[in-house]
Amino acid sequence: MGDKDAPRSFPGVTGQPLRFGDDPLLWASWLYYQDGLTQGQIATRMGVSRPSVNSYLADARTKGIVSIEIDPERFRALSIAQAMQDHFGLDDCLVIPSEGSDSPLIDRLGAAGAQVLSRLARSGDTIAVTWGRTVLSMAHRLDRGALQDLRVVQATGGTTAKIPWTPEACATRLAGALGARSIPISAPAIVSSPDMRALLLREPVVAEQMAILAQANRIVLGISSLRPESTIHSSGFFDGLSMPSQYHAAVGSIAGRLISARGAPVDGPLEARTIGIDLAALKTIPCRIGVAGGMDKVQAILAALRGGYVSVMVTDADTARAILTSEGYDDMPVRTGQPAPAPLPERVRIKKFLNRPQDAVNETVEGALLAHQGLLAPVTGAPRALRAVDGPRPGKVGLVIGGGAGHEPGFFGYVGRGLADAVAIGNVFAAPPPDPILAATLAADGGAGVLHIFGNFSGDVMNFETAAEMAAARGVTVRTVVTTDDIASAPVDTRAARRGVAGNVFVFKIAGAACDRMLPLEACAALALRANQRCYTMGIALEPGASLESRKPGFRLGPDDMEIGVGVHGERGIARARLTTADEACDLITDRILSEMRPAEGDRVALLVNSLGATPQMELYILNRRLRQRLQARGVAVHRTLIGHYYTSLDMAGVSISALHLDDELVSLLDHPCATPAWTQI
């Protein structure tokens, strides 16, 4: 028997690979149809008799798991898990569906993590555990088994009790579920100074607890992003710190330790004040179970995998696919024995009307100012900051918007009477720096404060936050609303992690009208937030956009494929599907929007059928036709429809549909007059 036939074993992992769950039929089918093993080899691999294998394969055919090949949906999930395991050198990987259940993703990941830990835990284990929503969910879903002499130890000291998913709560609940002894770390996770840390670690009780932590042979890891609503932020780790200046290289955290995009530790003032396991010690634990998912965590999970901090990964299909895509996978692995589909002939150089790519943004701004002299004016001393010609007005709240170039007519297209007062523009798909944001803020200030609105991207959040602090130092009060309308970019239960995309247009309009009506700052911010919470967007691409520098497509898409859930920075989507009709593509988006919006019969909406750059009006109207049919069948009235190029992604061939769920006040603000380059309403 050759190496291929030998049973595969890993430290801390025994028996059936996690991706097959408890289904021996699926495992046998995979080995037979995908890996090409004989029944005798499968019997050896699975540790059963050859007649049992024969029975498994027969039952699999009877139950429809396989005909000539494994069912495509099951194959895709297994392929993703296999690709994750192979690419990152994992001991094992479990990938769960991202959709198809009413349960929040955190709860489903918790249930999957509980299944994994139940299969891997052994009597006598010492299990370290970090903290967070997913880890606590996992602890709640564990059933007590017949294991003995288990110890569960906190991986860090304690955090603020303002959250329910503290290290103490996660460790105590997990220990109770396993019938294990719970060992706390009797000290805070973050202390006031390095000297205080050294003093506490010398205390006999804490030293004993840390010694037990060092004996852990398994650890359950949550992985945190660095978004404002993330576990690491809500736990109070960064209170009093300036994240942009002190941890600018960090993309995620594990056990309170910051890591870069490549998985390297990021040093900073917290390191010498943190009590708990460090990253070097963590990597020595034989079995390291990472449980995390959601599109908002892709960067952080990828960093943890690159850094080798995880040996067994539990995540969802959309997140895993995005991670693999970031690593250069064009698509998921294909079946053994089947040729990969031929890629499209690569377009080596896409034709564009450009002079020098590095001048494109400045020349765009210059051309816009010349085209809209009656509406736009430059802000003196800030080339990428523009203001409305007739602003600011004394006593009026100023509205400042902004983001990267490449979304034209966003963002300068929404500056003018009744909408934004000023805008800051960054490089292509890059946040504007704090200085032009500050210049725009000061130019929009009429003495009643300024409202910042921008999409939920880390660079924009960081730079607008810095500019707001700079404005406050000059006596200007700033409130912020971060848009989060992209329903494909994170589950509904973590909406605050979603990207802000074409729904920006509606939020800008509502906020601009509120400001124009001379409402106070807090009221303007509240109305903008309400509009954002009631706005839903999703996009599909038929062709990727092309970089201005390389003039090559951002990713490869087959001739019969479409990308679902694309972003507006040229990102790939969350899934790929076969090219279909306009009606079916529209239904795919409409189904997702309606499932979240849940409008009642008689409710009103505003619609934006938006070209992502290269989609012509004809196709947008065809899609709008089907969209209106669907809404009519649901009994939903359409108050206003926008169709065209409102928020693009350079030259991407695709569409996004945005729906704003209206109420009487939002209707009134939406109908308020405005005059801007992209939206004029009398």
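**Close-up 1. Cysteines without a partner.** This predicted model holds zero disulfides, a disulfide being a pair of cysteine sulfur atoms within 2.5 Å. Cysteine 170 is in no disulfide, and its nearest cysteine sulfur, that of cysteine 287, is 18 Å away. With a relative accessible area of 0%, cysteine 170 is buried, where buried means under 20% relative accessible area, exposed over 50% and partly exposed in between, for a 1.4 Å probe and protein chains only. Cysteine 674 is likewise in no disulfide, the sulfur of cysteine 515 being the nearest at 13 Å, and cysteine 674 counts as buried at 4% relative accessibility.

**Close-up 2. The largest nonpolar core.** A nonpolar core is a set of buried Ala, Val, Leu, Ile, Met, Phe, Trp, Tyr and Cys residues joined through side-chain atoms within 4.5 Å. The largest one has 59 residues, and Ile401, Leu451, Ile453, Phe506 and Trp679 have the most contacts inside it. Helix 18 (residues 504–516) gives the largest share of this core, nine residues; helices here are DSSP runs of H or I with at least four residues, numbered from the N terminus.

**Close-up 3. The surroundings of isoleucine 401.** Leaving aside neighbours within four places in sequence, isoleucine 401 is in contact (heavy atoms within 4.5 Å) with several residues, among them Phe411, Tyr414, Ile453, Phe464 and Phe508.

**Notes for every view.** Residues are numbered from 1 along each chain as its sequence is written, and side-chain values use heavy atoms, with hydrogens and water left out. In this predicted model, local features need pLDDT of at least 70 and side-chain atom pairs count only at pLDDT 80 or more, while totals for chains, interfaces and linings use all residues.

Terms used
Helices (H or I, at least four residues) and strands (E, at least two) are DSSP runs, numbered from the N terminus.
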